[in-house]
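Please keep the sequence and the coordinates at hand while reading.

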Amino acid sequence: MNATKDKNELLPGTLEMLILKTLSIEPMHGYGIAQHIRVISRAVLTVEEGSLYPALQRMLVKGWVSAEWKVSANNRRARFYTLTPAGRKQLGVEESKFSQMFGAIMRVMKTT
Amino acid sequence: MGSLLRRLLFLFRRDRLDRDLDEELRFHEEMTAQSLADDMGGDEARAAARRRVGNPLRLRERAREPWTFPTIETLAQDVRHALRLMRRDPAFTITALATLALGIGLSTAIFSVAYGVLWRPLPYPNPDRLVILSAAQQTGKGVKTIWTWAPVSYAALGPRLDAFDHLAAYVSIEAQLTGRGEPLQVPAVEVSPNFFTTLGVGPAHGRTFLAGAGAADDDRAVIVSDRLWRSSLKADPAFVGQSITINGLPRTVVGVLPRGFSFRPVVRAGALPEADVFLPSRWPGDAGRSAFLYLLGRMKPGVNKERAETELTALVNDPSIVAPGALAPEGVLAPNVRTIARTAGLQEYGAGPVRTLLLIVLGAVAFVLLIACVNVANLQMARLTARRGELSVRMALGAGRRRVVRQLLTEALVLSLGGAAFGVLLARIAIDVTLPLVPQAVLPRLGGIEIDGGVMAFSIALTLVSGLLIGLVPALRVSGTALADGRALHAGEARTTGDGPGERLRTLLVVAQVAMTLVLLIGAGLLMHSFVRLTSVSPGFEASGRDGVVSTVRVTLPERLFDRPERIHAFARGVLDRVRYLPGVTAASLVNSPPFGRMFIQGDFSIEGQPKPNLAAGRPKIGAGYFQTLGIPLLAGREFTAGDTAEAPRVAIVSERIVRECLPGGPGEALGRRVRLDGLSDGSEWLTVVGVVADIRHMGLDRDVQPMIYVPFQQDRSDFVRFVSFVARTSNSAAVVEGIRAEIRRAAPDLAITATVTMDEAVAASVAPPRFRMLVLGLFALAATLIATCGIYGLMAYAVTQRRREIGVRVALGAERSDVLRLVLGRALQVVTAGAVLGLAGAIAVTRVLRTFLFGVTPTDPLAFTVVTAALVAVGLTAAWVPARRATRIDPVEALRAE
């Protein structure tokens, strides 16, 4: 129902990992997270607003991130998200899960 | 767990979170606009940014979702929506609520009655271990069951039973409480000393009866119910130890039972009123064969009925325990035939006669509820068809099929809950109003009837099921077509005419409704026909006629006041002599066991010079002029007269059936023969037959005529003459009854009048159970018919509206009004006929359950089947008549322009 049809659709389940990874660098606001992922991935990965904000709320509920209002670089009030210890642990879990999955897929693809 | 807590917190901080989210999204939009502004103008950039971010409301909703409990939130939303829709369409709402309230209310009321009688645990510890003992014999004529036992059998059984903790005995008696104002008639039981131990109930004040060696000290003791203690003994605990007068004997109150204790003596015909007085008895000196005790046993824990019955069976076939030929009111156990002992749960036994009835009524009421649900489902479908537009829009906006179904189900549940609320209220009122009118004989209120947790749980379950029933069918139907219609709507196409799949389903539902209604109606019709048959049976006497009505006044003469038969005879003679001269009395007499009374004593008899007849005869003790008073024709010989005194030769009058079966040669030949009553204390002498009278029905209109040997009251010296009913034929019943009471008071001031009743009332009381059954089923059938009529009307009215255009075209092309009428009525006839055929098949399959309630009518009685079916078809067509008439008035020009 809420599938965002996009050429650069993210692999399912990876959005939260990407957000966690991004926030592990420094606290960021939502727009910043989206921009960061876009820039680092050289515009291959686009995070839709429709997925980003629900995902952030989900992670707030789970206690992986915390949020507080701060002043942004251009002097605007923005909501900054910070990784919590639980979020850091989760990042580890997601990373190892992903690399396991990625390795498995690669093995399948390389088999001739 | 932490996340759940955070979500719960959210419920209270919702506004703040919403504000945060709003601001955050606004910030995001602005940042996007800023980055785009480099490529395009400001306004354009903002618009582009908004497009990228998308519907902010939707986004906000989705962002909020992780915080919420989506099921509950959407549920609340759906409920609000449903309530709004209900408010908007009051006609539909009222109809649906009323229908459901009727269905659920009736079901709840009937269930609470059935539960109270059949299933609610009795107010004793471990009631499932309490059983009533009986004995049965398989004879050539079928199974003969005898429920009562002789005191000697009880005394012998008690110590030898291994499967039972306790074995108690009781017999229901009438007690007169005197010396405290008006003499009071109270329901009482004589019980064995261990009776309360057996039930497992202790007293609220004082003690229960002493058992064992001390039992003899309790011969003048009495235990009273909490109710009697409060109403007549001022609820004074000091009354324990004091004395009250019962049946003329002073007795010491040794105990008061706790509030909430209730014991209804269970007897063959059902349960009697709750007993207020308990008298201990060991039935001393009664070594006779007369079996009148009910035995109540408490099985040991872990013992099942089979084991108890095996043990008992071994004992009852021992002649030293159960004397051969022991005589119970129900008949005589034959010697040399193996007797099987049986046990029946106390509740099961008491409910016995009404069990089938209650289950049938429950079934009937389930039908009514089903019919009601079908009606509401149909209404709902019609309404949903009209709401297709709304649903299409919803689905076009992204509501999933499941979401729509859930919403429609919620609407149905809200309706059924509303209906249930009114229904339970209705049930309450119905129970409060109608229950007191239901004769005790019809409905033994064993467990107490009320709407409590158990009944409410049942009612809620019913509500949910009906909600599902009402919601699911139309919801699946409509949500399936809505999407397709959405496209149709978009293309601007006109609605389809004729039979859509929705209409076909609606038609099927109405067919089912008609079928179920017909089954109920046929059931009611059968009972009605049977009732007419029953009440047209002549009892054999004239309860009312040209010379007035027969009234009876009944008294029981206690041993204390009347210790010898001579005193009883003198009392009866004295009162009767004065009653004969009361103004308005055409004829008067007396009898110990009037027809259609509660008592009937029958037993063996012999005829001189003939082998003993295989027949038991009733043996009423009657006064002079009895047959004239009751209007029973004398076929030969004479009535008893004042001359048939204790000193005169012993005489008897026999009924026609005895002559027919045992005395060849007819009534004339019977005169002068000698007969003898056997087996009981009133017999053993040869009596000369001086008259032959016509047969009467003594026990009920549905029973065969009874063989009778009447003997003069003044010649009988047994205890059976302690029961005296004065009978008088009079045109001024009220005054004469008062006169008889006054004469009785004058002769014995301390005597309570047991009952005054006219013979018409007695006969009517005997048909009260079938009348009640007929009324109950009739009422349900009527309710079902009403609902089904609405169903047919609704279907046809809707069809006419849907086919307006088609009918308009037909009229424009020259169809006559009669053609239109025929078109609509023909359609209705199809529906009703289909339902009737199904219903007839169903009725043939299920009316068998009524067999035991039918008198002179078979379960497939052609009269009831045809008349009722014709009536239902007529009602169905009448219901369709109104929309059919409306169809004939359709103006073709208007109908075509409207489309």
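**A guided reading of the predicted model**

Strand β24 (residues 651-655) of chain B runs antiparallel to β27(B), and two bridges join them. Within this pairing, Val654(B) stands opposite Ile709(B) of β27(B). The model is a predicted one. Strand β27(B), which spans residues 709-712, has a further partner: with strand β22 (residues 621-622) of chain B it pairs in the parallel sense, again over two bridges. Here Val711(B) in β27(B) is the bridge partner of Lys621(B).

In a regular strand the side chains alternate between the two faces of the sheet. In β27(B), Ile709(B) and Val711(B) point one way, whereas Tyr710(B) and Pro712(B) point the other way. Are these residues buried or exposed? All of them are buried.

Strands β7(B) and β8(B) form a hairpin with two residues between them, and in the turn Asn247(B) has a positive phi of about 50°.

Most residues other than glycine have a negative phi, and most peptide bonds are trans. Asn126(B) is not a glycine, yet it has a positive phi of about 45°. Asn126(B) is found in the loop between α5 (90-119) and β1 (130-139) of chain B. It counts as partly exposed because it has 13 C-beta neighbours inside 10 Å. In chain A, the phi of Ala43(A) is near 65°, also a positive value in a residue other than glycine. Ala43(A) lies in the loop between α2 (30-40) and α3 (49-62) of chain A, and with 10 C-beta neighbours inside 10 Å it counts as exposed.

Chain A also contains an open sheet of three strands, in the order β1-β3-β2, with antiparallel pairing. Strands β1 (28-29) and β2 (65-71) of chain A stand at the edges; each has a single partner strand, so one side of each is left without a neighbour in the sheet. Two bridges join β1(A) to strand β3 (residues 77-83) of chain A, and Tyr81(A) in β3(A) is the bridge partner of Met28(A).

Which residues of α9(B) are buried? They are Ala308(B), Leu312(B) and Val316(B). These residues cover an arc of only 60° around the axis, which puts them on the same side of α9(B). An α-helix has 3.6 residues a turn, so residues three or four places apart point the same way. The face turned away from the buried side of α9(B) carries the exposed residues Glu306(B), Thr310(B) and Ala314(B).

Chain B as a whole has 25 helices and 29 strands, and 43% of its 899 residues count as buried. Among its contacts between residues at least 6 apart in sequence, 83% join residues at least 24 apart. In the largest nonpolar core, which has 109 residues, Val368(B), Leu520(B), Phe780(B), Ala784(B) and Ile792(B) touch the most other members. Helix α10 (residues 346-386) of chain B contributes the largest share of this core, 20 residues. A second, separate core of 62 residues includes Leu677(B), Leu687(B), Val690(B) and Phe713(B).

The last topic is the interface. There, 21 residues of chain B are in contact with 16 residues of chain A. On the chain B side, α1 (2-37) and α3 (56-64) each supply at least two residues, and α1(B) provides the largest share, ten residues. By class, this side has eight nonpolar, six polar and seven charged residues.

Key: Residues numbered from 1 in each chain as written. Chains lettered and ligands numbered in written order. Predicted model: local features only at pLDDT ≥ 70, side-chain atom pairs only at ≥ 80, totals over all residues. Core = buried A, V, L, I, M, F, W, Y, C linked by C-beta atoms within 7 Å. Buried ≥ 20, exposed ≤ 12 C-beta atoms within 10 Å, placed from the backbone. Helix = DSSP H or I, 4+ residues; strand = E, 2+ residues; numbered from the N terminus. Contact = placed C-beta atoms within 7 Å. Pairing = 2+ DSSP bridges. Nonpolar A, V, L, I, M, F, W, Y, C, P; charged D, E, K, R; others polar. Arc of directions from axis to C-beta.
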